[in-house]
Structure formats: C-alpha cells, structure tokens
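Me: I would like to learn how to read a few features here. Could you take me through them step by step?

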Amino acid sequence: MGKILRGEKIALLSNDVETTSIWHNDLRDETGEKVLQEGMPILLDLYRKYGVRSTFFYTGYIAKLYPELVTMILQDGHEVGSHGKSHTKENGFDVMSLEKQKRHLDYSKKLLEDVSSHNVISFRAPALRVTEQTATALIESGFEIDSSIASQRFDFFLSFGAKKKMNFLKTPRLPYYTESQNIFKRGNSNLLEIPLSATLFPFAGTTMRLFPATTTFQQKLLHRETCKNGKPVVFVIHPNEFIDESKDNAGKRTITRRSKSFLAYLVSDYIRAKMKVKNLGEKAIPLYERLIKFYVDNGYEFLTMREYRERFESVRSKT
C-alpha cells in the first residue's frame with residue numbers, strides 16, 4: 001500500500017500559522033498582526049514565484065483574531081487546515097482527554113470552515129503533540145488527513161511533549177492509514193497519516209535557519225528516498241519565521257518562562273529560545289527560496305495535503 005505512488009516526486013510544503021513570537025518566546029496578538037502584514041505576504045509571494053500549492057494549518061485563535069490570514073490564501077489554490085484551537089502549552093493534544101480533543105477539533109473545524117467557506121479535512125497538532133487516541137478524536141470530528149507524526153525524528157528533549165514524541169522513532173515513514181485508536185500505527189481507518197520528513201533532525205524551517213548546511217544535506221538524502229520509493233517530502237515552516245521582532249522594546253529581550261521546573265525551563269524555554277532566533281526575518285527568505293528551487297529543478301510536483309490524499313486514493317483504487 002505504501003509504495004503505490006512510487007515513481008512520483010511530490011513536495012508537500014506546509015505552513016503552521018499561529019501567534020507564536022519566536023523572539024519573545026510567547027504567544028502575542030501583536031505577532032499575529034505582523035504575520036498578517038509581513039510574514040504571510042512574503043511567503044505567498046515565494047509560492048507564486050515558483051507555482052507552489054501548499055497547506056496552511058491555522059490555530060482557531062489566530063483565525064478568529066485575523067480572518068484575513070485565512071481568506072488571503074484561497075485565491076492561489078492553497079488549502080486551509082486546522083492547527084487546533086490554540087497553541088498554549090496547556091492545550092497540547094498529548095495532555096487533553098479524548099472529549100476535550102474532540103471539542104477543540106470541532107471548534108477549529110467549524111470556525112475555519114465558516115471563515116473560508118471550504119470543507120476542512122486536514123489537521124496538524126500544535127507542536128506535533130498527540131496521543132494514540134488523537135486518531136479517534138480526528139475520525140469522530142470528520143478529519144481525513146493528519147500530518148502530526150514526524151517519522152524517525154528525535155527532538156533531543158528540546159520541545160514540549162518530547163517524551164511522547166519518542167513514538168516517532170518507530171512510526172512508518174511512508175504515508176499510512178492509521179489504526180482507529182492509535183495514530184502511531186498502521187491500520188484500516190479512513191484517517192491518512194502523511195508524516196513530516198525527518199532524518200533524526202527535523203526537516204523544518206527552524207533547522208533550515210539554524211543549520212543551513214545540514215538541511216541541504218538532508219534535502220539530498222530525502223530526495224534519494226523519494227526517487228527510490230515515492231515518499232513525499234513534507235516540509236514545515238511558519239510565516240512568523242519571516243518577521244523580525246528584535247527591535248521591539250528597544251532590542252531588549254526577555255525570554256518568557258512557560259515551564260514550571262527549572263530544568264524544563266532551561267532546556268525547553270531558555271536554550272531553545274536562544275537557538276531559534278538565528279536567521280529570522282529577511283535572512284530566512286533566500287534560505288527557503290533555495291530549498292524550494294531544489295524541488296523545482298528536480299521536477300517535483302507541489303501539492304496540498306488534500307490533493308495528495310486524492311492522488312493516493314485514486315492510485316490505490318486501481319491496484
């Protein structure tokens with residue numbers, strides 16, 4: 001089942017849209033406004049330049065705060081996906097009950113559908129934090145696609161929910177239908193998992209900015225894998241990576257503490273926040289453009305998550 005798209009080269013460039021301020025290490029409405037006015041226009045211009053169709057995963061919070069962020073992508077054929085209700089630490093899907101997960105999914109789905117007038121079937125959990133039962137919550141809420149699993153990715157305990165993310169090390173690399181009660185396992189449900197690409201290190205905007213040479217090497221490895229078995233490349237970036245808030249408060253930076261224990265604060269907040277500001281703003285543009293151009297030059301097709309599922313289903317039905 002996993003190799004039915006063998007021979008095709010597909011790039012799924014995805015985007016998580018939220019009010020997270022990388023500079024302030026906190027959620028800020030002001031950052032959401034900068035995403036609207038600066039980050040998203042930069043990102044959409046890049047996609048227009050290279051003919052990229054993409055999926056944008058929105059938190060319900062930012063979609064309600066700035067609905068224009070949702071509607072501005074529709075004219076270019078991009079897909080609207082859900083990124084949950086909010087990006088607060090307390091609302092991670094790995095700490096919510098099944099019923100609360102469903103409430104958050106129902107809320108975000110309805111809000112995004114009301115704003116966009118499009119059916120929303122794709123989901124990505126904030127910070128990729130999920131539990132086995134997230135599959136059940138998604139299925140019962142009407143979602144058909146998930147892209148929260150980063151197969152063979154290791155976060156080195158630098159992110160929230162890192163312990164649960166150890167499951168990533170043993171999840172299938174190729175897209176798979178999940179078990180109805182376990183998102184980490186292949187099964188017979190209608191929920192298609194489209195894993196984010198990784199080579200232990202995340203294949204993401206953050207890694208691209210921090211370690212550009214590593215990402216270039218990753219890209220070549222993942223390209224070889226795609227040529228071998230048709231695995232789609234799934235990259236994630238955030239429009240807030242294209243804004244620079246370093247001049248706020250006269251350049252002074254206070255790293256907001258989100259963790260109770262000192263060790264968690266030191267690792268997940270302080271060290272991580274110090275690292276993540278490299279190549280923010282305009283410096284991120286040529287790095288991402290180079291990554292996109294690699295796929296253009298190597299004959300990849302850019303699809304949304306929805307389009308990939310349709311292709312996946314179409315080929316599967318003929319086998």
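Me: Where is the place of Lys170 in the chain?

Reply: Strands are DSSP runs of E with at least two residues, helices are runs of H or I with at least four, and both are numbered from the N terminus. Lys170 sits in the loop between strand S7 (145-146) and strand S8 (176-179). A word on the source: this is a predicted model, where local features need pLDDT of at least 70, side-chain atom pairs count only at pLDDT 80 or more, and totals for chains, interfaces and linings use all residues. Residues are numbered from 1 along each chain as its sequence is written, and side-chain values use heavy atoms, with hydrogens and water left out.

Me: Is Lys170 buried or exposed?

Reply: Buried means under 20% relative accessible area, exposed over 50%, and partly exposed in between (1.4 Å probe, protein chains only). Lys170 has a relative accessible area of 67%, so this residue is exposed. Across the chain, 56% of the 319 residues count as buried.

Me: How do the axes of helix H7 and helix H9 cross?

Reply: Axes are lines fitted to C-alpha atoms over the stretch in contact, with angles from 0 to 180 degrees between N-to-C directions. Those of H7 (residues 212-229) and H9 (residues 284-297) come within 11 Å and cross at roughly 15°. H7 is therefore roughly parallel to H9, a label for angles under 35 degrees.

Me: Which residues of H7 and H9 make the contact?

Reply: Contact means heavy atoms within 4.5 Å. Among the residues involved are Pro212 and His223 of H7, and Leu287 and Phe294 of H9.

Note on methods:
Parallel < 35°, antiparallel > 145°, perpendicular 65-115°, else oblique.
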